Amino acid sequence: AADADADCRTGALQRNLHEMEDPCLSTQLIDGDGVFNVSGLESFMKEVKLAECGLSYAVVSIMGPQSSGKSTLLNHLFRTNFREMDAFRGRSQTTKGIWMAKAQNIEPCTLVMDLEGTDGRERGE
């Protein structure tokens, strides 16, 4: 399962066949330096067939401090595969920038955004 988590996060857009009926699709929307990933978003939109959703879609996210469990909660609620903190490696920043995935088996189409912690401890902000 750890390899599946890493596979879903490593590229701009990748499939994870961990969930055979509806694979995990994610992309880094904004990187840790604040750069918007236009090509990644376009690829993501084609893969999840966002145009077919029309106006029937939802966007969900959680804001909060670093290491407060945002990615873990999103993964459990929406069956996404965002990278989670490994407590055995110590508490450190896991999510950088903003990642987006499609929730699995939820209607209407639901896009889930995993945000970097609001306190930015590792950035010194």
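Visitor: Over which residues does pLDDT stay under 50?
Guide: Over residues 1–22. The pLDDT is the predictor's confidence in each residue, from 0 to 100. This is a predicted model, where local features need pLDDT of at least 70, side-chain atom pairs count only at pLDDT 80 or more, and totals for chains, interfaces and linings use all residues. Residues are numbered from 1 along each chain as its sequence is written, and side-chain values use heavy atoms, with hydrogens and water left out.

Visitor: How many contacts beyond four places in sequence does the model have for residues 1–22?
Guide: The model has 45 for them. Contact means heavy atoms within 4.5 Å.

Visitor: What does the protein average in pLDDT?
Guide: The average is 76, and 68% of the residues score at least 70. Among the elements, strand β1 (residues 14–16) has the lowest mean, 39. Helix α2 (residues 38–47) has the highest, 93.

Visitor: How many helices and strands are there?
Guide: Four helices and five strands. From the N terminus on, they run α-β-β-α-α-β-α-β-β. Helices (H or I, at least four residues) and strands (E, at least two) are DSSP runs, numbered from the N terminus.

Visitor: New topic. Which residues make up the largest nonpolar core?
Guide: There are 12 in all, among them Leu25, Phe44, Cys53, Met100 and Leu115. Such a core is a set of buried Ala, Val, Leu, Ile, Met, Phe, Trp, Tyr and Cys residues joined through side-chain atoms within 4.5 Å. Buried means under 20% relative accessible area, exposed over 50%, partly exposed in between (1.4 Å probe, protein chains only).

Visitor: Which elements supply at least two residues of this core?
Guide: β2 (24–30), α2, α3 (50–53) and β5 (109–115) each do. β5 gives the most, with four residues.

Visitor: And what is Met100 in contact with?
Guide: Leaving aside neighbours within four places in sequence, Met100 touches residues including Leu25, Leu41, Phe44, Phe82 and Met113. A second, separate core has seven residues, including Leu74, Phe78, Trp99 and Ala101.

Visitor: Where is Asn75?
Guide: Asn75 is in helix α4 (residues 70–78).

Visitor: Buried or exposed? What is the relative accessible area of Asn75?
Guide: Asn75 counts as buried because its relative accessible area is 9%. Across the protein, buried residues make up 42% of the 125 residues.

Visitor: Which side chain does Asn75 join in a polar contact?
Guide: That of Thr80, at 2.8 Å. A polar contact is a pair of N or O atoms within 3.5 Å; within protein, one must be able to donate a hydrogen and the other to accept it, and residues adjacent in sequence count only if both atoms are side-chain atoms.
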